[in-house]
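Please open the model in a viewer and keep the selection tool at hand.

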Amino acid sequence: MANINWMGWLLMVLLVGNDKTVPVSCIYVDEPLLYDTFPPNFVWASATSAHQIEGAWNVDGKGPSIWDTYTSQPGIVAEGATGQTACNSYYFYQKDVDALKSLNVSHYRFSISWPRVLPDGIGRINQPGVDYYKNLIAALKVANIQPMVTLYHWDLPQALEDMGGWLNSSVADWFEEYARLCFTQFGDDVKIWVTLNEPWITAWQGYGLGVSAPAKYGPGTYTYQAGHNLILAHAKVYRLYESSFKPFQQGKTKFIGIALNINWYSPATDLTADADAAERALQFMGGWFANPIFGSGDYPSIMKQKIGEKSALQGFNQSRLPEFTQEQKIFVQGSADFLGINHYTSFLTEDKPSDINDISYEADQDLYAYYDPSWYGSGSPWLKITPFGLRNLLVWLRDRFNDPEMIITENGCSDTAGNLDDMLRIYYFKHYINNVLKAIKNDGVKVTGYTAWSLMDNFEWRAGYNEKFGLFNVNFTSPELPRTAKASASYYAQIIRDNGFRTDQPCNNYPIS
């Protein structure tokens, strides 16, 4: 960020540690807001995921997921936390709907727990699990909120992981069976579907680094195999929906897409080598999944080149990056109606050749990515506040992948205090959402929706309950787990009511550009 007022910077640092330290009006950053409105019928949403909020991990016939198994091991999650109860939304879903209604959102993005409806992953249907989601959708309809449903948000049935999980090519057939059940049971009431949430996390952290469920370690091999199967499974479910459900279910035109998490990468210097490194980083993270679906039907050429050359030098008989057949390329290309973007932060990037003996996805990129020390922090060590990155990313995606329709399917900021006067989160939403508006109005990017992560404080994976992203505070010490609106909830609701930014909006007339 340019032209930072250093007193403002100091106050922001204090805000990160304690939301009650100073009023947001004390902070100034020279980044003028665009005062304008979003297009008519813009989708405004908030999001959660099943494992992070539902609890009820072993009741009413639900089968175990890979995250149930993973978090049962000691030392995995901060303070030994699990999602066994979480926000208990399996029982308290009406509280979630009431919170959503107070935000004025048009949509609620939630995920279906695969092992809740199919305890073994395939075969036997668990009717109480199906009924739970039908009841949730019915409650949303009463509140005039449309469901935006994610089929897979990391909670693979453990029974399928025992058969190889995302490393088994049969997973595409398993995913298709599960999706067919969901389309059949819920399709008449769901107009927006998301097949996979952040397949990069599944492939890299779950099957590469082994720091996420199911904790398989194969940083230069398994990670690409899992990614390949994720792409083919996504395409299979899209083609199923396209041929067997989309033409026949009632309501408006249906959309089905995929949600990719993509950081922004800026070159650290004006050197061409660093610019090339930034482009490589974007292609390895975003292009890995976007190019097959929204581009050529194949992996980015730089991925194929880098991994192929390194694989040969490392003694592999073929590239560690799997190849699509010609039929698969045709099958995968165009297998989405929209591109969902989960975006939080940015990096600076330098060209840096890797040791050829390092067989990993990271080493394959030949670069070094890091944070600018002047960027504001958050409650998560990986999340630095860089609103410009979202606009830059949207323009980059437009230019690389045939100008797709895009929905921001996740965007948000964490703190550790969980205070109700969460000024840092207001600052984050203000500038990130405004950069989405700039991308639409000034750059002509086709963004048709925005989703705030998350509706409420919840189980944040390996961080447990220490990192809080919610618009609503949850009192985890009370059996009733009450949801209480934070200041950011009121601010977000006001943006939704105005469908954009007005000069007389609360928090917009403070000396924050």
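## Stop one: helix H6

Select helix H6 (residues 127–142), which has 16 residues and reaches 22 Å from its first C-alpha to its last, close to the 22 Å expected at 1.5 Å a residue. The expected span is 1.5 Å times one less than the number of residues. Helices (H or I, at least four residues) and strands (E, at least two) are DSSP runs, numbered from the N terminus. This is a predicted model, in which local features need pLDDT of at least 70 and side-chain atom pairs count only at pLDDT 80 or more, while totals for chains, interfaces and linings use all residues. Residues are numbered from 1 along each chain as its sequence is written, and side-chain values use heavy atoms, with hydrogens and water left out.

Within H6, colour the buried residues: Gly129, Val130, Tyr132, Tyr133, Leu136, Ile137, Ala139 and Leu140. Buried means under 20% relative accessible area, exposed over 50%, and partly exposed in between (1.4 Å probe, protein chains only). The elements that cover these residues include helix H4 (89–103), strand S3 (146–152) and helix H8 (171–186); contact means heavy atoms within 4.5 Å. After H6 comes Asn144, whose phi is positive, near 60 degrees.

## Stop two: strand S1

Next select strand S1 (residues 43–47). Five of its five residues are buried, so S1 is largely enclosed by the rest of the structure. Val43, Ala45 and Ala47 point one way, and Trp44 and Ser46 the other way. Tyr108 in S2 is the bridge partner of Ser46.

## Stop three: aromatic rings

The structure holds 48 aromatic pairs. Rings of Phe, Tyr and Trp (its six-membered ring) pair if their centres lie within 6.5 Å; planes under 30 degrees apart count as stacked, over 60 as edge-to-face and the rest as tilted. Show Trp44 and Tyr492: their ring centres are 6.1 Å apart and their planes at 75 degrees, so the pair is edge-to-face. Trp44 in S1 and Tyr492 in helix H17 (residues 487–498) are 448 residues apart, and both are buried. Move to Trp204 and Tyr361, whose ring centres lie 4.9 Å apart with planes at 50 degrees, so this pair is tilted. Return to Trp44 to see one aromatic cluster, whose members include Phe38, Phe42, Tyr428 and Tyr450.

## Stop four: salt bridges

How many salt bridges does the structure hold? There are 27 salt bridges, each a side-chain nitrogen of Lys or Arg within 4 Å of a carboxyl oxygen of Asp or Glu. Select Asp68 and Lys62, which meet at 2.9 Å, N to O; both are buried. In Glu242 and Arg239 the corresponding value is 3.2 Å. These two are three residues apart in helix H10 (residues 222–244) and so are separated by about one helical turn. Glu242 counts as partly exposed because its relative accessibility is 34%, whereas Arg239, at 18%, counts as buried.

Finish at Lys306 and Asp366, whose closest N and O atoms are 2.7 Å apart. This pair links distant parts of the chain, 60 residues apart, with Lys306 in helix H12 (residues 301–313).

Notes. Two strands pair if DSSP finds at least two bridges between them.
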